[in-house]
Amino acid sequence: PVITDTKLIVLGKDISEGNHPHFFKTKNYVELPFAAILNELADTEITWISDTKASVIIDGVSYTLNIDNQCTFVKDGTQENIFTPSPYVGDAPYYKVVDGELIIDNTTLSGLINYLGHVMVVDYDAKTVTIV
């Protein structure tokens with residue numbers, strides 16, 4: 001079951017309106033809006049090259065987002081996936097595109113959040129995701 005009445009706070013700003021995170025407490029993950037969060041954290045430009053691949057520029061640095069059969073986020077010129085792989089064997093990242101926005105699970109996204117120098121805190125009791 002999806003938990004509603006949720007909050008998404010990025011750098012002290014409540015961006016919940018239109019970006020409500022969807023909590024799945026039994027499966028222990030939260031669906032989050034990729035672009036909405038990045039736009040609050042940095043100067044971000046996302047250009048979809050195909051249905052499964054996007055060029056992402058964050059503060060002037062180029063990355064490639066690929067959501068083909070795995071969900072990867074790689075700095076151009078490197079091979080390291082910045083997204084956090086799931087700690088559970090056989091547990092794939094959760095992602096989908098809804099109205100042009102990539103919706104992604106908090107575990108996968110947390111690697112990029114940390115890479116950008118921020119921390120994500122998920123409070124399932126308060127139904128709040130906070131990025132500082």
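Biologist: Let's start with charge. How far apart are the mean positions of the positive and negative charges?
Modeller: This is a predicted model, and in it the mean positions are 5 Å apart, with 8 positive and 18 negative charges in the protein chain.

Biologist: What share of the residues is buried?
Modeller: Buried residues account for 42% of the 132 in the protein chain.

Biologist: Before I go on, what is the average pLDDT?
Modeller: The chain averages 89, and 92% of the residues score at least 70.

Biologist: Which elements have the lowest and the highest mean pLDDT?
Modeller: Strand S3, residues 22–24, has the lowest mean at 86, while strand S7, residues 61–66, has the highest at 97.

Biologist: Now the fold. How many helices and strands are there?
Modeller: The protein chain has 2 helices and 12 strands. Along the sequence they follow the pattern β-β-β-β-α-β-β-β-β-β-β-α-β-β. The radius of gyration is 14 Å, close to the 14 Å from the globule rule for 132 residues, so the chain is as compact as a globular protein of that length.

Biologist: What are the spans along the principal axes?
Modeller: The C-alpha trace spans about 40 × 35 × 30 Å.

Biologist: What fraction of the contacts joins residues at least 24 apart?
Modeller: That would be 43%, counted among contacts between residues at least 6 apart in sequence.

Biologist: Let's look at the helices. How many residues of H1 are buried?
Modeller: Helix H1 covers residues 34–41 and is mostly covered, with 6 of its 8 residues buried. Those are Phe34, Ala35, Ala36, Ile37, Leu38 and Leu41.

Biologist: Pick one of them for me. What does leucine 38 touch?
Modeller: Leucine 38 touches Thr44, Val56, Ile58, Leu112 and Leu116, leaving aside residues up to four places away in sequence. Its relative accessibility is 0%, so leucine 38 counts as buried, the cut-off being under 20%.

Biologist: Over to the loops. Where is isoleucine 15, and is it buried or exposed?
Modeller: Isoleucine 15 sits in the loop between strand S2 (13–14) and S3. Its relative accessible area is 8%, so isoleucine 15 is buried.

Biologist: Which residues does isoleucine 15 touch?
Modeller: Isoleucine 15 touches Leu8, Val10, Ala36, Ile37 and Glu40, not counting residues up to four places away in sequence. The C-alpha atoms of isoleucine 15 and alanine 36 are separated by 8.0 Å, although the two are 21 residues apart along the chain.

Biologist: One for the backbone checks: what is phi at leucine 11?
Modeller: Phi of leucine 11 is positive, about 50°, although leucine 11 is not a glycine. Leucine 11 lies in the loop between strand S1 (7–10) and S2, and at 45% relative accessibility it is partly exposed.

Biologist: What about phi at aspartate 99?
Modeller: Aspartate 99 has a positive phi near 50°, and it is a residue other than glycine. Aspartate 99 lies in the loop between strand S9 (95–98) and strand S10 (101–105). With a relative accessible area of 82%, aspartate 99 is exposed.

Technical notes: Residues numbered from 1 in each chain as written. Predicted model: local features only at pLDDT ≥ 70, side-chain atom pairs only at ≥ 80, totals over all residues. Heavy atoms only, no water. Buried < 20%, exposed > 50% of the residue type's maximum accessible area, 1.4 Å probe, protein only. Helix = DSSP H or I, 4+ residues; strand = E, 2+ residues; numbered from the N terminus. pLDDT = per-residue confidence, 0-100. Rg over C-alpha atoms; globule rule 2.2 N^0.38 Å. Contact = heavy atoms within 4.5 Å. Lys, Arg positive; Asp, Glu negative; His and termini not counted. Charge placed at Lys NZ, Arg CZ, Asp CG, Glu CD.
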